[in-house]
Amino acid sequence: MNSYLFSELKVGTKESFDVTITQDMMDSFRTITGDINPLHNDESYAIKRGYHGAVCFGMLTASLLSTLAGVYLPGEHCLIQEVDTKFVKPVYIGDHLTVVGEVIETNDTVKQAVVKAVIKNQEDQKVLRAKMKVGFTNE
């Protein structure tokens with residue numbers, strides 16, 4: 001876990017991590033949220049509608065932004081205050097995702113950083129893009 005202090009963050013600071021979407025992740029997300037939409041839970045249903053298989057829950061993919069902010073950039077000293085997310089392409093079980101965050105702005109007055117995030121799949125295709133504002137619990 002990273003522990004960037006606000007004073008250590010500079011525009012251009014970058015962190016990333018990788019994750020593979022698993023059936024267990026899908027099952028856990030379904031249990032937590034109660035989302036039983038067949039597009040996410042029935043492969044044949046999703047294929048009949050033009051997808052390659054059951055589509056990963058968009059909010060499961062977006063939840064990786066919490067990991068980015070809370071563990072990697074900036075890490076333990078922050079709280080997400082705002083997220084603007086765009087879902088670009090569907091994600092499927094077995095997809096290997098790379099989550100990248102980069103500080104694009106800092107605000108000394110309110111001790112806040114703006115982090116641009118991009119999630120790409122194993123084919124280097126962008127599946128999600130976001131901008132997060134994170135505040136700090138220190139300094």
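In the predicted model, strand β4 and strand β5 (residues 126-136) are joined by 9 bridges and run antiparallel. Within this pairing, K116 lies opposite K131 of β5. The two strands form a hairpin in which 5 residues lie between them, and D124 in the turn has a positive phi of about 65°. N107 stands opposite Q112 of β4. β3 and β4 likewise make a hairpin, with 4 residues between them, and the turn residue K111 has a positive phi of about 50°. Strand β4 (residues 112-120) is largely enclosed by the rest of the structure, because 7 of its 9 residues are buried.

The largest nonpolar core contains 32 residues, and those with the most contacts inside it are L68, L97 and V134. At least two residues of this core come from each of β1 (14-20), α1 (23-33), α4, β3, β4 and β5. Leaving out residues up to four places away in sequence, L68 touches E15, F17, L73, V99, V100, G101, V115, A117 and M132.

A69 is located in helix α4 (residues 58-72). With a relative accessibility of 1%, A69 counts as buried, since the limit for that class is under 20%. Apart from neighbours within four places in sequence, A69 is in contact with P74, G75, C78, I80, M132 and V134.

Side chains of opposite charge can pair when their charged atoms come close. The whole structure holds 4 salt bridges. One of them joins the side chains of R30 and D27, at 3.0 Å from N to O. These two residues are 3 residues apart in helix α1, so about one helical turn separates them. D27 is partly exposed, with a relative accessible area of 30%.

A salt bridge also joins the side chains of K133 and E82, at 4.0 Å from N to O. This pair links distant parts of the chain, with K133 in strand β5 and E82 in strand β2 (residues 78-87), 51 residues apart. K133 is partly exposed at 31% relative accessibility, and E82 is partly exposed with a relative accessible area of 41%.

K120 forms a salt bridge with D124, where the closest N and O atoms are 3.7 Å apart. K120 counts as partly exposed at 30% relative accessibility, whereas D124 counts as exposed at 55%.

Notes. Residues are numbered from 1 along each chain as its sequence is written. This is a predicted model: local features need pLDDT of at least 70, side-chain atom pairs count only at pLDDT 80 or more; totals for chains, interfaces and linings use all residues. Side-chain values use heavy atoms; hydrogens and water are left out. Buried means under 20% relative accessible area, exposed over 50%, partly exposed in between (1.4 Å probe, protein chains only). Contact means heavy atoms within 4.5 Å. Two strands pair if DSSP finds at least two bridges between them. A nonpolar core is a set of buried Ala, Val, Leu, Ile, Met, Phe, Trp, Tyr and Cys residues joined through side-chain atoms within 4.5 Å.
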